Amino acid sequence: MTTADQTQQQRLDSENTAAYVQVAVPVPMRRVFDYLPVRKAELAIGARVKVPFGHRRVIGYVVGHSTTTQVSAEQLKAITAVTDAQPLWPDSLWRLLLWSATYYQHPLGEVLAHAAPIALRQGQAPAYQQTKQLELTPAGEICDLTELKGAPQQQRLLARVKREPLAVSALAAEDLRPAAVKALKDKGLIRETQVMPEFAAWTASLAEEPHQLNPQQAVAVAAINTGLAEQNAQTWLVEGVTGSGKTEVYLQIMHKVLLRGQQVLVMVPEIGLTPQTVQRFRNRFDVPVIVLHSGLSDNERLLGWLQARDGHAAIVLGTRSAIFTPLANPGLIIIDEEHDASFKQQDGFRYNARDLAIKRAHLENFAVVLGSATPSLESLANVRAGRYQLVQLANRAGQGQPVKNLLVDLKQQRLQQGLSETLIALMTKHLSAGNQVLLFLNRRGYASALICHECGWVSECQRCHANMTVHQQTHTLQCHHCGAQRRLPRQCGGCGSTQLITRGLGTEQLEETMQHLFPDYKAIRIDRDSTRRKGQLEDYLTAVNRGEYQILLGTQMLAKGHHFPEVTLVALLDVDGALYSSDFRAPERLAQLYIQVAGRAGRAAKKGTVVLQTHHPEHPLIQELINNGYQNFALSALEERAQAMLPPYAAMALLRAEADDAVAAEALLMAMADRLQQQTDVAVIGPMPAILARRAGRYRFQLLLHATERKALHRVLHQFLPQFETLPEGRKARWSLDIDPQDFS
Ligand code: ADP
Ligand code: ZN
Ligand code: ZN
């Protein structure tokens, strides 16, 4: 028997003697609940059950058995129904889930529900279902495609179905229209049938010739392959400048893992799961790849989960929640852009998928490869401590060249709508040479506020401690925090004056300015507003690379991942805010952003220039970054963190409270702070108002816990959280806990 079998056997044994079943229920309480079993047998740990809870029936998860209970006989209820005969998760993943609940001190029932695909959360069986597919009728088989030349859509669809039956769920992905389906059905050429999905065994065959590695890539691949051959839990950090060919390194080490018949999980930031990314993996290997993206239906997601669990998928590609995908035979996890903030879940169960990946690899004994042009300070500290191994790619692969950095001191310059004369002159030069220019401005909308020139009235959100943004295109004021919207007023809300002015340049306004300053060139704005329609972003990116636009302007969306060979000038217009942020991670984020935006320039044969406009060119962070690069910046930032006893050299937890009434929110945290007072090895800071002190009508406060020893922090929380759950102050305010908080807003 393997160890897994033994654990399974123990699970089955224990339930025959126990009188009570311990069930984790998805509610915000850090405890399990006892129930009477329906019948004695078949209650595996990790199986789902339906139980009465309050006035509801909910899906819970069996986590243990016991011979005694604290619950009185009248109050004790019985399990209503047993949903699974087997544990829902493989044993290794089960252990990760238990560990996560302990580490993040989050209610186990909520952790388990979070980790399960929605279909399973709702009680569906973890089983393959029939799917609908389109296939040819006898008439369709003999129908000649030329008969449909008047209807190109129908012709394309018929050609596709003639090649092989087509899953109905794949229609959209292949850009085939439902109208064409209906037309061909009406003509009796195709029909819809129900089929069970079938999976063939896969082998790791290549679908395209890999690149010839350059020397640095070859060293990296060889080093990681040697480590992988040992088949133990090692973590590698691939630090490679933008365009250095990290993806090629991933692909080549993946090949070795796939050849062993093992699966690879690839995690990318939310913004990075683009069709291009997916295509790079699909093009390289002739193996089943599943993509866990937000557009999947509940059933499609369940299907992917099952394929991964049963080993039918060789490569699983997803964002942070993919970390909870069961894998029959995992060999490697790759986390691209490991520094990206989207790996941290920011509400509910606040886990960090990167950190969980490393824990998971330890539990299941396989390797993790982290990659970034700008590694997080946490990962760099782990390298220095000898826990991770570092490989570096310092040069661009292919034709890319290093960029030239230029600081523009805004203090000595006349500005035109946020653009310095130096920048305008440079833009003219690059544009007239036939190149593209990219402007980065992380503020969507037209302006960040509307102000009355006569009385000073400001367009504040009524429900948030924040200004409403002016959106000229939709003629609205919008709150970016709570989503509130109203019509753009013509008159001041205070004095009725019509002299309203705007403050704070946004991307809409920048787009307008471009038409004004550079009428001979076409500008394209890329931000959340301009790319709402599905596929719009891809369309724009294609148009940009076809040369239809010369000026690209936009937010974060432009900063990450995309390849713009004709862009030679990149400018960051306004990032000074980060220099004065109260968030200790702001400098790190700014440095990462700078390098990322800069990485959009000079990706091809042409040399790139990066312009940073700032009022503070003398700022040490900026100087270090521009003159000595990210690595040196990171070293000095780590020194500062060490001296200030900040993470990664200390552990933090953040207790947040919010309520309709500011006093109630603060009082709850005050009560918690009172109880924590005695603890000498954990410093308690606050309560204090959150940076966004009010959001959607609720007042927000924070209490920061800080310890030099992570163990002390966890011990104290473990001891006090059950008390916190029953504080009388908790009736008027809601609270949450964030371990290793990334965001203090
Ligand atoms: P990164 O992920 O580090 O930003 P990419 O993997 O996207 O870099 O590589 C940048 C470009 O260089 C891509 O177009 C890629 O195809 C190309 N490339 C990567 N490795 C090589 C190589 N060894 N030889 C030639 N071209 C390469
Ligand atoms: Zn608001
Ligand atoms: Zn006014």
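Predicted model: local features only at pLDDT ≥ 70, side-chain atom pairs only at ≥ 80, totals over all residues.
**View 1. Division of the protein chain into domains.** The protein chain is divided into domain 1 (3-121), domain 2 (131-195), domain 3 (215-393), domain 4 (404-447 + 504-639) and domain 5 (651-739). Between the centres of domain 4 and domain 5, taken over C-alpha atoms, the separation is 38 Å.

**View 2. Surroundings of ligand 1.** Ligand 1 has 17 residues around it, of which Q212, Q217, G243, K246 and R280 come nearest. At G243, by contrast, a backbone N or O atom is placed 2.8 Å from an oxygen atom of the ligand. Taken alone, ligand 1 exposes 560 Å², and the protein buries 77% of that area.

View 3. Helix α9, which spans residues 246-259, gives the most to the shell around ligand 1, contributing three residues.

**View 4. Zinc ion (ligand 2) and its cysteine donors.** The protein donors of this zinc ion are the SG atoms of C461, C464, C479 and C482, which lie 2.2 to 2.4 Å from the ion. Angles among the four donor atoms run from 107 to 113°, and the site is tetrahedral. Ideal angles at a metal with four tetrahedral donors are 109.5 degrees. Along the chain, the donors of ligand 2 follow the spacing C-x2-C-x14-C-x2-C. C461 counts as buried because its relative accessibility is 6%, and C464 likewise counts as buried because its relative accessibility is 5%, the cut-off for buried residues being under 20%.

**View 5. Zinc ion (ligand 3) and its cysteine donors.** This zinc ion is coordinated at 2.2 to 2.4 Å by the SG atoms of C452, C455, C492 and C495. The site of ligand 3 is tetrahedral, with angles of 104 to 112° among its four donor atoms, and the donors follow the spacing C-x2-C-x36-C-x2-C along the chain. Two of these cysteines fall into separate accessibility classes: C492 counts as buried because its relative accessibility is 6%, whereas C495 counts as partly exposed because its relative accessibility is 41%, a value between the 20% and 50% limits.

Notes. Residues numbered from 1 in each chain as written. Chains lettered and ligands numbered in written order. Heavy atoms only, no water. Donors = N, O, S within 2.8 Å, 3.2 Å for Na, K, Ca; no water. Tetrahedral: all angles 85-135°; square planar, octahedral: opposite > 155°, others 65-115°. Buried < 20%, exposed > 50% of the residue type's maximum accessible area, 1.4 Å probe, protein only. Domains from an automatic or database assignment. Near = heavy atom within 4 Å. Polar contact = N/O pair within 3.5 Å; in protein donor to acceptor, adjacent residues only side chain to side chain. Areas by Shrake-Rupley, 256 points an atom, 1.4 Å probe, with all protein chains shown as cover. Helix = DSSP H or I, 4+ residues; strand = E, 2+ residues; numbered from the N terminus.
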